[in-house]
Amino acid sequence: MKFVIQRVQKAEVLVEGTTVGQIGHGFLVLIGISNTDTVEIADKMVKKLIALRIFEDAQGKTNLDIKTVQGSLLLISQFTLYADCHKGNRPSFVLAGAPDMANELYEHIIEACKKEITIVEKGVFGGDMKVSLLNDGPFTIILDSDELKFT
């Protein structure tokens, strides 16, 4: 599982010209789900996401988590995070999770986040989305479950 986390001042996602999700300050999270991901991995990734201390404290140090600053989440499913570009010029997406399984895990992630964060917005799984954001920093973090040591 991969999360691309962007600290934002605001973010919005539109489908067919209609806003389906928008937030003020918080995280825009692009979520890639692989064919080997599980609910247990999703829960660990959410726990790590919520605990990330990348908001500034009174001294200007990145020392505060999203709950402390009362930030919001905009969660966007993005299977292209599992693009394999090793061979040729056309990416392969065989590593991305099958749509039914990936959507189920995506919805699980949304519900898990709602238990921790007051405002959680989302995109449309499989939809043609237009995402805009005002990146704060810019500050972008990539979490990859294959590279993390969960405690």
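Strand β3 and strand β6 (residues 72-77) pair in the parallel sense over six bridges, where pairing takes at least two DSSP bridges between two strands. Within this pairing, Ile31 stands opposite Ser77 in β6. On to the other partner: strand β1 (residues 2-15) runs antiparallel to β3 over seven bridges, and Gln6 has Leu28 of β3 as its bridge partner.

| Pairing | Sense | Bridges |
|---|---|---|
| β3 and β6 (residues 72-77) | parallel | six bridges |
| β1 (residues 2-15) and β3 | antiparallel | seven bridges |

This is a predicted model, with local features needing pLDDT of at least 70 and side-chain atom pairs pLDDT 80 or more, while totals for chains, interfaces and linings use all residues. Residues are numbered from 1 along each chain as its sequence is written, and side-chain values use heavy atoms, leaving out hydrogens and water.

How enclosed is β3 (residues 26-32)? Seven of its seven residues are buried, so the rest of the structure largely encloses this strand. Buried here means under 20% relative accessible area, exposed over 50%, and partly exposed in between (1.4 Å probe, protein chains only). Across the 151 residues of the protein, 38% count as buried.

Zooming out, the protein has two helices and eight strands, running β-β-β-α-β-β-β-α-β-β from the N terminus. Those are DSSP runs numbered from the N terminus: helices are H or I with at least four residues, strands E with at least two.

As for the cysteines, Cys85 is exposed at 52% relative accessible area, whereas Cys113 is buried at 0%. The disulfide count is zero, going by cysteine sulfur atoms within 2.5 Å.
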